[in-house]
Amino acid sequence: MSYIEQIAVEVWNKLNELSPNNVFDLIPSDFDFTKKVAVEYKIGENVLDQVYKNQYTLQIRVVGNFNSQLYKILNLAEFIDKEMNKAEILESRITRESPYMTSYNDEDKYNVVLQYLINRY
């Protein structure tokens, strides 16, 4: 198993502890946003090889219904950020990227996007 596959499994495990049964690498099209908040993650869309470390991007998106889930989305995003920033997984350290948090409305859904770098030394 490659490093990216291993780190993806470990990130999923960590996020699933924080938001059980709502973590996806791609949110299903039939997900019920009116009752639940989804957490989607993407790893390694950009890989920066440096002399002493490799950096992989990690994006976590927290999505829910704007009208019924807004505070749950914001609280969950803040909780995930506290747990993921400076977390150590597979001899790698996850750190916030700058800017690390953005949010936007998409029709009736509210999205909070958290940006990190996975630093593998």
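This is a predicted model: local features need pLDDT of at least 70, side-chain atom pairs count only at pLDDT 80 or more; totals for chains, interfaces and linings use all residues.
Residues are numbered from 1 along each chain as its sequence is written, and side-chain values use heavy atoms, without hydrogens and water.

**View 1. The overall fold has 2 helices and 6 strands.** Along the sequence the pattern runs α-β-β-β-α-β-β-β. The radius of gyration is 14 Å, close to the 14 Å from the globule rule for 121 residues, so the protein is as compact as a globular protein of that length. That radius is taken over C-alpha atoms, and the rule is 2.2 Å times the number of residues to the power 0.38. The C-alpha trace spans about 45 × 30 × 20 Å along its principal axes. Helices (H or I, at least four residues) and strands (E, at least two) are DSSP runs, numbered from the N terminus.

View 2. Buried residues make up 43% of the 121 residues. Buried means under 20% relative accessible area, exposed over 50%, and partly exposed in between (1.4 Å probe, protein chains only). Of the contacts (heavy atoms within 4.5 Å) between residues at least 6 apart in sequence, 58% join residues at least 24 apart. There are 13 positive and 18 negative side chains. The centres of the two sets lie 5 Å apart. Lys and Arg count as positive, Asp and Glu as negative; His and the chain ends are not counted. Each charge is placed at NZ of Lys, CZ of Arg, CG of Asp or CD of Glu.

**View 3. Asn-119 sits in strand E6 (residues 109-120).** Asn-119 counts as buried because its relative accessibility is 4%. Beyond its neighbours within four places in sequence, Asn-119 contacts Lys-53, Asn-54, Gln-55, Ser-92, Arg-93 and Thr-95.

**View 4. Asp-108 lies in the loop between strand E5 (92-106) and E6.** Asp-108 counts as partly exposed because its relative accessibility is 36%. Not counting residues up to four places away in sequence, Asp-108 touches Gly-64, Asn-65 and Phe-66. Ile-80 is 28 residues from Asp-108 in sequence and 23 Å away in space, C-alpha to C-alpha.
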